[in-house]
Amino acid sequence: MSAYCQVTETKPQFGHAVSHAQNKTKRRFNPNIQKKTYFVPSLKRNVTLQVSARGIKVIDVRGIESVIAMLTARGEKF
């Protein structure tokens, strides 16, 4: 699966690697994807998500319940 965060919907971005001589070659900026398992009390089960480091912070601030509700409303599979 490609580098995609289920919470923040972050995908790889594209740009140039620029050398000292200003030579530009195409490169890809991947998000920092981690596979994390959370226990969701309302579902009474563990849920495994592919989230970026920023997505982990979002879960810490909002809580797993509200993030799961957001993902369910969006139609995301988990």
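Start with glutamate 9. Its relative accessible area is 41%, so it counts as partly exposed. One caution before I go on: this is a predicted model.

Where does glutamate 9 sit? It lies in the segment before strand E1. Look at its backbone too. Glutamate 9 is not a glycine, yet its phi is positive, about 60°.

Now its side chain. Glutamate 9 forms a salt bridge with arginine 74, at 3.7 Å from N to O. Arginine 74 lies in helix H2 and glutamate 9 in the segment before E1, so this pair ties together parts that are 65 residues apart in sequence.

Stay on arginine 74. Is it buried, partly exposed or exposed? Partly exposed, with a relative accessible area of 31%. Buried would need a value under 20%, and exposed a value over 50%.

What does arginine 74 touch, once we set aside neighbours within four places in sequence? The contacts are Tyr4, Gln6, Val7 and Glu9.

Glutamate 76 makes a salt bridge with it, and the closest N and O atoms are 3.6 Å apart. How many salt bridges does the count give? Two.

Strand E1 covers residues 13-18 and strand E2 covers residues 24-29. They pair in the antiparallel sense, over six bridges.

A word on side chains in strands. In a regular strand, they alternate between the two faces of the sheet. Now look at arginine 27 and phenylalanine 29. The charged end of arginine 27 sits over the ring of phenylalanine 29, 3.9 Å from the ring centre. And the aromatic pairs? The count there is zero.

On to helix H1, residues 53-62. Which of its residues are buried? Gly55, Ile56, Val58 and Ile59. Down the axis of H1, these buried residues fall within an arc of 155°, so they line one face of the helix. An α-helix has 3.6 residues a turn, so residues three or four places apart point the same way.

What do the buried residues of H1 pack against? Strand E3, 33-40; strand E4, 45-52; and helix H2, 64-74. On the other side of H1, Arg54, Lys57, Asp60 and Val61 are exposed.

What follows H1? Glycine 63, with a positive phi near 100°.

Two more residues, and I'm done.

Take serine 52, in strand E4. Its relative accessibility is 6%, so serine 52 counts as buried. Leave out residues up to four places away in sequence, and serine 52 touches Cys5, Thr8, Asn32 and Ile33.

Then lysine 44. It is found in the loop between E3 and E4. Is lysine 44 buried or exposed? Exposed, with a relative accessible area of 70%. Lysine 44 is not a glycine either, and its phi is positive, about 55°.

To recap. H1 packs its buried residues against E3, E4 and H2. Questions, please.

Notes: Residues are numbered from 1 along each chain as its sequence is written. This is a predicted model: local features need pLDDT of at least 70, side-chain atom pairs count only at pLDDT 80 or more; totals for chains, interfaces and linings use all residues. Side-chain values use heavy atoms; hydrogens and water are left out. Two strands pair if DSSP finds at least two bridges between them. Helices (H or I, at least four residues) and strands (E, at least two) are DSSP runs, numbered from the N terminus. Buried means under 20% relative accessible area, exposed over 50%, partly exposed in between (1.4 Å probe, protein chains only). The arc is that of the directions from the helix axis to the C-beta atoms. Contact means heavy atoms within 4.5 Å. Rings of Phe, Tyr and Trp (its six-membered ring) pair if their centres lie within 6.5 Å; planes under 30 degrees apart count as stacked, over 60 as edge-to-face and the rest as tilted. A charge sits over a ring if NZ of Lys or CZ of Arg is within 6 Å of the ring centre and within 35 degrees of the ring normal. A salt bridge is a side-chain nitrogen of Lys or Arg within 4 Å of a carboxyl oxygen of Asp or Glu.
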